[in-house]
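Here are some exercises with worked solutions for the structure shown below. Try each task before reading its solution.

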Amino acid sequence: MAWVNAIIQGVLTGGLYALFACGLSLMFGVMKVVNLAHGDLAVVAGYLAIFVITVIHVPVLWSFLVVVPVMAVIGYALQRTLIQRSLNRGVLTTLIVTFGLSIVIENALLQFFTANSRGIGAGLPLVQDSFSIGSQIQIAYLLVVIFAVAVVVLSGLQYFLSRSKYGRLIRATADDQEAVQLAGADYRHVFGIAAALAFGTVALGGIAYGMYSQLSPTTGTDTILLFAFAAVVIGGLGSLWGTLLGGVVLGVAQQIGAQINISYELLAGYLVFLAVLVFRPQGLTYRKAQS
Amino acid sequence: MSVATDAGPRRAEAFRVTRSRRNVAWTGIAALIVVVVLAMFPYIVYSGTTSILVQAFIVLTMASMWNLLAGYAGLVSVGQQAFVGLGAYFVLILAINGTSPFAALPVAAIGCGVVALPLWWLVSRLRSGYFAIATWVLAATIMLIIERFSSIGGGTGMPLPGFSGFDPTLLTAYTYWAGLAVTVLSLVAIYLLLRGRLGLVLTAIRDDEVAARSSGARVGLARMLVFLVAGAGCGAAGGVLAISQLQVQPSAVFSVQWTAEMAFATIIGGLGTIEGPIIGTAVYMVLQQTLASYNAWYLIILGLVAIAVALFARRGLWGLVDTRLHVRLFPVGYWVRLGGEHPGGVRTGPARPALARNRNRKPT
């Protein structure tokens, strides 16, 4: 039973990891930007949520209504300024700039908010409570909600990109910016919108992690960015549903590792990631015909 | 170091090829003098100064290696702390088994170079951005594995043994010389590497990877070689780090901060030149020493400056010097001069940073 429990917990935390990963995947898919500051921006979103909750007294569960739009605006602005500028100068500059951003954000958080870790909404029934199946399996409501949110966000994104008019424009821009520009659309604006979407999901991921566990300045890199990346690679680059699968595989690997020995949790996740890199570097969901 | 290679008998012809626009033989002599003076420092300055310089040597070695990766081979690794940590642990393990930590340094360097081979096999499957994060994941994984072994200190680390017989003053001096030796050897190795065939291949890759490939340049092999050398160099720097701190702590030696420092120093000084990391390290040390009492501020400022340099002055501080004076302290490229007079200068050679590569291309 303990193993069944580990697998269920793993699947559910996989939803959280998919939430981390879809912003990374989206920005790479559309702009070919690998945003190394991805995780730190999620932490910024989490801290913003804490600020909104404690200072403006927005109810905890509705804090995302403020934080997600704010992060989306920040995403648009960052894309139009720093990231676009660095894109014009090549991939190398993009990496250097986002890595610089990551280190700056992390150390600024450390400087202004200390290294203390803080949670979001501790004590709320949704965050604390769980229900049990049988005597051994205990499932936190929060994890179920986060998993549901991840599925909704991913299907929403998938639907938006494949069906809507603007989604088509985004895909067209991802394929050929110059052609889009010739057709009368400003690809920089489209990139900005894609970044805003990505940052919105980053904000959700940051808040969700703050509720699930605790946020500290270093969480952004040593947890969120690396897990998001592992989920993307395991699932297969550029596929949104693959990202969910990748998150789930990572989550299950970690929980099974933790079941063997609690200190194997992180290591087990990374070892699965390395195994995928060795045996199936194109990811689990890769199909040849896929564009 | 280098004398302009005049094409002696062909002087009558319309052009000649030199390594630099100016004769830089004097820089070779100057470099030698600088090294000799630096080597005498333990006799003439306080130990506080030498320990700051040891720090500078560590950063300079790492920055030069990162420069080789990013500036010449186009590989942005944010996981070089894996090798810093491994180097430190090689020294620790050998010291536990009775080897002198100083004698362990070359072993640490070679060991890291060897370990870099399977790691390259793993991460080379991914390109640019994903390569960067993959190296980061590798560094995290290696740290987690090392923390499993309680005989080498587990998660908390342990003090470095093997120093019991040393007089403290002598130990400081030895540490300093070890740091100096590692740095000088690293710089010489990089210089020779870039002057040789590998430098030419890397230049070709930088300018046009597809063309280089189709002309028979072994792109993958060149990149792998650079990755191995950078691994060995960062390992040696990690070994010096362990000796200078007299202890090894996994979260400290495997900290991503090392990669941040080496990357920022390189970018500020000038990516894609050997001189860049030297200047960048000087800037880094000045900032770090002045802002030492303000905790994380030096990294914040360093990061902001690096971002600004990457966006607005891609060739860094040395680039500014070079544009005005056309000086190359470590000439690895060639100048073609028409008539032996003023250059209608076509400069080849890996002097321009790889950053410039995609300047006019659409972002792909």
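Angles between axes under 35 degrees count as roughly parallel, those over 145 as roughly antiparallel, those from 65 to 115 as roughly perpendicular, and the rest as oblique. The model is predicted, so local features need pLDDT of at least 70 and side-chain atom pairs count only at pLDDT 80 or more, whereas totals for chains, interfaces and linings use all residues. Residues are numbered from 1 along each chain as its sequence is written, and chains are lettered from A and ligands numbered from 1 in the order in which they are written.

**Exercise 1.** Describe how H3(B) and H9(B) cross.

Solution. Helices are DSSP runs of H or I with at least four residues, numbered from the N terminus. The axes, which are lines fitted to C-alpha atoms over the stretch in contact, with angles from 0 to 180 degrees between N-to-C directions, come within 6 Å for H3 (residues 81-96) and H9 (residues 219-245) of chain B, and they cross at roughly 55°. H3(B) and H9(B) are therefore oblique to each other.

Next, consider the residues that meet, where contact means that C-beta atoms, placed from the backbone, lie within 7 Å. Among them are Phe83(B), Leu86(B) and Phe90(B) of H3(B), together with Gly235(B), Gly238(B) and Leu241(B) of H9(B). Sorted by class (Ala, Val, Leu, Ile, Met, Phe, Trp, Tyr, Cys and Pro are nonpolar, Asp, Glu, Lys and Arg charged, and the others, Gly among them, polar), this contact has 13 nonpolar, 6 polar and no charged residues.

**Exercise 2.** Is His57(A) buried or exposed?

Solution. A residue is buried if 20 or more other C-beta atoms, placed from the backbone, lie within 10 Å of its own, exposed if 12 or fewer, and partly exposed in between. His57(A) has 7 such neighbours inside 10 Å and so counts as exposed. His57(A) lies in the loop between H2 (38-55) and H3 (63-87) of chain A, and its phi is near 60°, a positive value in a residue other than glycine.

**Exercise 3.** How many residues of H5(B) are buried?

Solution. H5 of chain B covers residues 128-147, which makes 20 residues. Of these 20 residues, 17 are buried, so H5(B) is largely enclosed by the rest of the structure.

**Exercise 4.** Which helix gives the most to the side of chain A that touches chain B?

Solution. The contact takes 42 residues from chain A and 41 residues from chain B. On the side of chain A, H4(A) gives the most, with 15 residues. By class, that side has 28 nonpolar, 9 polar and 5 charged residues.

How values were computed:
Helix = DSSP H or I, 4+ residues; strand = E, 2+ residues; numbered from the N terminus. Contact = placed C-beta atoms within 7 Å. Expected span 1.5 Å × (residues − 1).
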